[in-house]
Amino acid sequence: MASSEDCGFSFTWIIENINYLHDRLLSPKFVANCLHKTEWQLGCALKSAEPNEEIEKYLFLRKVETEPYNISVSYELSVFDAKNEKLQTFNMRGFWFHRGNSVGESKFCDLKKFSRIKTIRCHMWQGTQFCNTEQGFGRTQICIERRHFIWTIESVYFSEMEKETSFVTINSKKYPSKKITLIMYISRICERKLLVEIMNNFTCGGKYAFCRCNSYPYIQNCEISVVDSKGNIMVFPDQEKWKIALDKPFQRIPRNQNHDKYCFQFPLNSTNKDFTETCLQNGSVSFHCECDICFGVVLNQLEDDNGVFKECNDKIEKRLDCCKIATSSGTPPSNFMKDMQQLFAEKRFCDFNLKTETEIFPVHRAILGVRSPVFNAIFSHDMKENASQSVDIPDLNADTVRRMLVYIYTDKVCNILWEDAFDLYIAGDKYQLLNLKERCSFILKSNFFPSNVCQILVLADERHDEDLKRAAEDYIVDHDTEIIHLDAWKDIEKNNSNLGIDILRQIVIKRQKV
């Protein structure tokens with residue numbers, strides 16, 4: 001059994017809509033058994049020392065206050081966009097986590113790329129280098145909805161009014177328990193202009209006066225138009241719009257666009273008689289409002305590598321709103337996947353065999369044929385395999401074929417290490433199981449380290465996978481001093497000189513920019 005000195009833990013955190021991050025976001029808690037069963041969280045945060053200073057963005061690794069309280073851990077944080085292209089990598093060697101200093105953080109320098117983050121991966125280890133023996137997965141979702149609604153204000157008389165106030169509450173369509181209350185102010189500027197202001201209603205009660213209760217929800221990209229008595233949107237060529245950043249000193253949040261006040265100014269003159277005469281009939285005015293509403297975090301849970309919810313460790317706090325899986329309209333869940341798994345396990349009604357050097361796998365032609373174009377061609381043509389009702393697979397080991405068949409029958413990829421993903425990638429490529437190949441590619445890209453990246457690079461080059469190849473090249477360029485002296489790199493220079501020269505050229509360009 002590996003000791004903690006040669007073990008490592010890899011955690012992959014998928015974040016949906018990180019560009020709507022308001023203050024600080026924490027991943028679900030996870031336990032690294034190979035690191036003395038310590039408990040951790042990943043996080044990202046916005047910071048600004050002064051209201052007018054530029055907002056800085058940080059990623060961090062946080063140790064939960066549990067025993068052992070003092071531990072030295074090396075870690076690497078890598079961020080990827082929606083296309084799984086690496087944006088940036090941060091390394092920290094031998095950082096001491098202890099009481100009073102339980103957070104190791106890295107400043108995100110390229111602020112333009114921050115909003116593109118889709119995945120954050122953290123490698124953690126003790127000793128000289130990372131060796132992946134455990135992995136975990138988590139997902140966090142920030143709910144964003146584009147909403148359209150009519151806002152009508154009654155009893156409006158401009159001849160007497162100084163400022164009219166109106167409130168509206170909007171519930172999330174996907175998560176009805178989430179809601180936002182907006183406030184609208186209407187005032188008349190001199191005789192010819194109507195000012196409309198929309199913002200969050202910050203009033204939340206005395207006991208919350210000095211907390212972060214107003215971080216979510218909030219509105220963005222707000223637009224309003226006047227609606228006439230027939231429901232038609234009116235166009236004002238002279239309409240003006242601007243935003244005012246609200247400074248709430250009791251809130252520990254950066255001063256940014258998340259709590260802006262949106263202001264609209266409509267002209268009141270002889271050319272707009274429809275507005276003054278038609279829209280204000282019976283002393284009321286209506287507006288068509290359109291805005292993005294961020295309802296905050298609605299999902300924060302651990303998953304397996306297939307995106308399926310996984311129960312947290314008993315030590316981990318479970319929040320009710322993070323542990324619910326929605327089912328459609330009360331319909332009981334389907335047993336289809338379970339039945340397919342049972343069909344494969346019990347080997348009933350099989351009519352074909354896959355033969356490896358050490359094991360024979362009974363299978364069903366119909367299932368393999370519909371899932372794989374290669375198997376479909378074998379079963380559809382008069383080949384010798386059809387006559388013998390079997391096919392030999394000498395180039396794949398039994399474990400890899402078993403995992404491939406589990407995917408074919410159940411669409412699942414079990415929790416595997418990078419070595420297994422490497423072999424399974426080859427199987428997916430051979431039998432044109434494109435989704436399987438893509439999943440294995442993601443696992444490989446999430447588990448680069450100096451001792452294996454050259455092997456993965458050669459695989460990607462042989463299989464003409466430009467996406468995986470580019471990711472491996474980027475990793476080598478970022479870790480050139482650790483890799484170019486290894487035997488695996490010397491093999492590339494000897495056996496694939498064009499590939500090696502191209503990467504060395506990228507390394508030279510990188511160093512010239514520094």
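Strands here are DSSP runs of E with at least two residues, helices are runs of H or I with at least four, and both are numbered from the N terminus. The model is predicted, so local features need pLDDT of at least 70 and side-chain atom pairs count only at pLDDT 80 or more, while totals for chains, interfaces and linings use all residues. Residues are numbered from 1 along each chain as its sequence is written, and side-chain values use heavy atoms, with hydrogens and water left out.

Is Ser-166 buried or exposed? Ser-166 is buried, at a relative accessible area of 12%; buried means under 20%, exposed means over 50% and partly exposed lies in between, using a 1.4 Å probe and protein chains only. Leaving aside residues up to four places away in sequence, Ser-166 touches Trp-151, Ile-153, Leu-182, Ile-183 and Met-184, where contact means heavy atoms within 4.5 Å. With Trp-151 there is also a side-chain to side-chain polar contact of 2.9 Å. A polar contact is a pair of N or O atoms within 3.5 Å; within protein, one must be able to donate a hydrogen and the other to accept it, and residues adjacent in sequence count only if both atoms are side-chain atoms.

## The protein as a whole

Stepping back, the protein has 14 helices and 20 strands. Of its 514 residues, 48% are buried. Among contacts between residues at least 6 apart in sequence, 67% join residues at least 24 apart.

## Strand β4 and its partners

Strand β4 (residues 38-47) has 9 of its 10 residues buried, so the rest of the structure largely encloses it. Which strands pair with it? Pairing requires at least two DSSP bridges between two strands. Strand β2 (residues 24-26) pairs with β4 in the antiparallel sense over 3 bridges, and Leu-25 stands opposite Cys-44 in β4. Strand β5 (residues 56-63) is joined to β4 by 8 bridges, again antiparallel, with Leu-46 opposite Lys-57 in β5.

Strand β3 (residues 30-32) also runs antiparallel to β4, through 3 bridges, and here Ala-32 faces Thr-38 in β4. β3 and β4 form a hairpin with 5 residues between them, and His-36 in the turn has a positive phi of about 60°.

Strand β13 (residues 193-200) is largely enclosed by the rest of the structure, as 7 of its 8 residues are buried. Strand β12 (residues 179-189) is joined to β13 by 8 bridges in an antiparallel arrangement, with Tyr-185 opposite Glu-197 in β13. Strand β16 (residues 260-267) and β13 are joined by 6 bridges and also run antiparallel; in this pair, Leu-194 stands opposite Phe-266 in β16.

## An open sheet with a helix across it

Now for an open sheet of 3 strands, ordered β19-β18-β20 with mixed pairing. Its edge strands are β19 (360-363) and β20 (390-392), each pairing on one side only. From one strand to the next, the twist averages 20°. Strand β18 (residues 352-355) and β20 run parallel and are joined by 3 bridges, with Lys-355 opposite Asp-392 in β20.

Helix α7 (residues 398-410) lies across β18 and β19, running at about 15° to β19. Axes are lines fitted to C-alpha atoms, for helices over the stretch in contact, and angles run from 0 to 180 degrees between N-to-C directions.

The axes of α7 and α8 come within 9 Å and cross at roughly 65°. These two helices are therefore roughly perpendicular to each other; the ranges are under 35 degrees for roughly parallel, over 145 for roughly antiparallel, 65 to 115 for roughly perpendicular, and the rest oblique. α7 passes α8 in a right-handed crossing, meaning the near helix is turned clockwise from the far one by less than a right angle, with anticlockwise giving left-handed. Thr-400, Arg-403 and Met-404 in α7 meet Asp-420, Asp-423, Leu-424 and Ala-427 in α8.

Helix α8 (residues 418-430) also meets helix α9 (residues 434-445): their axes come within 8 Å and cross at roughly 155°. That makes α8 roughly antiparallel to α9, and their crossing is left-handed. Residues making this contact include Trp-418, Phe-422 and Tyr-425 of α8 and Leu-436, Cys-440 and Leu-444 of α9.
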